[in-house]
Amino acid sequence: MRPLRYSINVTLDGCCHHEAGLPPDEESMRYWTAEMQRADALLFGRVTYVMMESAWRQPATGTWPDWMDEWEIPFAETIDQAKKYVVSNTLSGVDWNAELVRGDVGEAVRKLKQEPGQGLWVGGVTLPLELADLGLIDEYEFVVQPVLAGHGPTLLAGLRERIQLELVDRREFRSGAVAMRYRPTRGSS
């Protein structure tokens, strides 16, 4: 069974809006590229899929946009080429190496986890909350940014039950951000 890993940037005060933290730098982009490469497929909700596609899909010209620094291209190539599953009951279709997932999310994700491979990666806010409530997340990875946002969506807001976690890895970045990886302890949902 392949594990499901939830990864996200979060501020010290728990905000998980993509613009609330520090802008990406070369070190963090190398880190996120390696994390994406550890996954057989990415799992997105509709909002995250649309946001990621608009930023990281390679243009039809085959040339990356001018706003992208050279050190961002490996991340862009990795996410662009990755297999994606998009959970949505409102989208009529998807492309960008993606497959639409409809219906019972828990059942669909359980089936995906049963396939062979290294693992699945989920990002975003709403879908991970549902997956955490269903006890389907095997690993939580938070890159904590040294920023206080004071507003915005907060990490796993509305979680029905507490999930006890154990720290399994920690890495500090020159920017002051800290990546922490946790696994639910036995007895957690």
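This briefing walks through the nonpolar cores and the aromatic rings of the structure above. The model is a predicted one. Its largest nonpolar core has 30 residues, and the count of aromatic pairs comes to 10.

**Nonpolar cores**

- Within the largest core, the residues with the most contacts are L4, Y6, L43, L131, Y140 and F142.
- Both strands and helices give two or more residues to this core: strands 1, 2, 3, 5, 6 and 8, together with helix 4 (105-114) and helix 5 (126-133).
- Apart from this core lies another, of 26 residues, with W32, F44, A82 and A98 among them.

**Edge-to-face ring pairs**

- Y6 and F142 form an edge-to-face pair, because their planes stand at 90°, with the ring centres 6.3 Å apart.
- This pair joins strand 1 to strand 6 across 136 residues of sequence. Y6 is buried at 1% relative accessible area, and F142 is buried too, at 9%.
- F44 and W121 are also edge-to-face, with planes at 85° and centres 6.0 Å apart.
- F44 is buried at 0% relative accessibility, and W121 is buried at 4%.

**Ring cluster and charges over rings**

- Y6, Y140, F142 and Y182 are linked into a cluster by ring pairs.
- The charged end of K83 sits over the ring of Y85, 4.9 Å from its centre.
- For K84, the charged end sits over the ring of W96, at 4.0 Å from the ring centre.

Terms used: Residues numbered from 1 in each chain as written. Predicted model: local features only at pLDDT ≥ 70, side-chain atom pairs only at ≥ 80, totals over all residues. Heavy atoms only, no water. Core = buried A, V, L, I, M, F, W, Y, C linked by side-chain atoms within 4.5 Å. Buried < 20%, exposed > 50% of the residue type's maximum accessible area, 1.4 Å probe, protein only. Helix = DSSP H or I, 4+ residues; strand = E, 2+ residues; numbered from the N terminus. Phe/Tyr/Trp six-rings, centres within 6.5 Å; stacked < 30°, edge-to-face > 60°. Lys NZ or Arg CZ within 6 Å of the ring centre and 35° of its normal.
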